[in-house]
Amino acid sequence: MKEEIYRVHVVLDEVWLDLPDLCQLAGVSELWVKQRMSDGLLTRDAVPTTEAARFNADDLRRVRRMVSLERDFDAAPELASLVFDLEMELASLRARLRRLSHLPD
C-alpha cells in the first residue's frame with residue numbers, strides 16, 4: 001500500500017502558539033526562546049503572568065529569521081534581532097512607496 005503525503009498550509013495570523021509549538025515550528029529549544037525573551041529580544045503577547053506565554057505568526061517569523069541570522073552569519077542575538085527589525089521596517093517602507101506610486105496625480 002502506498003502512503004500519500006499531504007502538505008497542509010495553515011493561516012497562522014489567527015492562531016496562537018504556546019512555547020513548545022513555537023519551538024517545534026522554529027526548530028529551537030525552549031531555552032533558546034526563554035533566553036531571548038529575558039534579553040528583551042522576543043516578547044510574549046500580553047497575557048496575565050499566571051498564564052503561559054503565547055506567540056503569533058509574527059513571533060514565529062521573527063524567531064525563524066533570528067535563528068537563520070545567528071546560524072548563517074554567526075550573529076549575536078542582539079544583532080539578529082536588530083537586523084530583523086530593520087528588514088521589517090524596510091519591507092513596510094517599500095510597500096508604502098508602492099502604494100503611493102500607484103496613486104493618481
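Guide: The discussion below turns to helix packing and then to aromatic rings. This is a predicted model, in which local features need pLDDT of at least 70, side-chain atom pairs count only at pLDDT 80 or more, and totals for chains, interfaces and linings use all residues. Residues are numbered from 1 along each chain as its sequence is written, and side-chain values use heavy atoms, with hydrogens and water left out.

Visitor: Which quantities describe two packed helices?

Guide: Two packed helices are described by the angle between their axes and the distance between the axes. Axes are lines fitted to C-alpha atoms, for helices over the stretch in contact, and angles run from 0 to 180 degrees between N-to-C directions. Helices are DSSP runs (H or I, at least four residues), numbered from the N terminus. Here, helix 1 (residues 19–26) packs on helix 2 (residues 30–38) at about 110°, the axes being 9 Å apart.

Visitor: What is the orientation of helix 1 and helix 2 to each other?

Guide: Angles under 35 degrees count as roughly parallel, over 145 as roughly antiparallel, 65 to 115 as roughly perpendicular and the rest as oblique. Helix 1 and helix 2 are therefore roughly perpendicular. Contact means heavy atoms within 4.5 Å; by that criterion L19, P20, L22 and C23 of helix 1 meet E30, V33 and K34 of helix 2.

Visitor: At what angle do the axes of helix 1 and helix 3 cross?

Guide: They cross at roughly 45° and come within 10 Å. That makes helix 1 oblique to helix 3. On the helix 1 side the contact is made by L22, L25 and A26, and on the helix 3 side by D59, L60, V63 and R64.

Visitor: How do helix 3 and helix 4 pack?

Guide: Helix 3 (residues 57–73) and helix 4 (residues 77–101) pack at about 125°, with axes 9 Å apart, and are therefore oblique to each other. Among the residues in contact are R61, M66 and L69 of helix 3, and P77, V83 and F84 of helix 4.

Visitor: How many aromatic pairs does the structure hold?

Guide: Rings of Phe, Tyr and Trp (its six-membered ring) pair if their centres lie within 6.5 Å. The structure holds zero such pairs.

Visitor: Which ring does the charged end of R54 sit over?

Guide: A charge sits over a ring if NZ of Lys or CZ of Arg is within 6 Å of the ring centre and within 35 degrees of the ring normal. The charged end of R54 sits over the ring of W16, 4.5 Å from its centre.

Notes: Helix = DSSP H or I, 4+ residues; strand = E, 2+ residues; numbered from the N terminus. Phe/Tyr/Trp six-rings, centres within 6.5 Å; stacked < 30°, edge-to-face > 60°.
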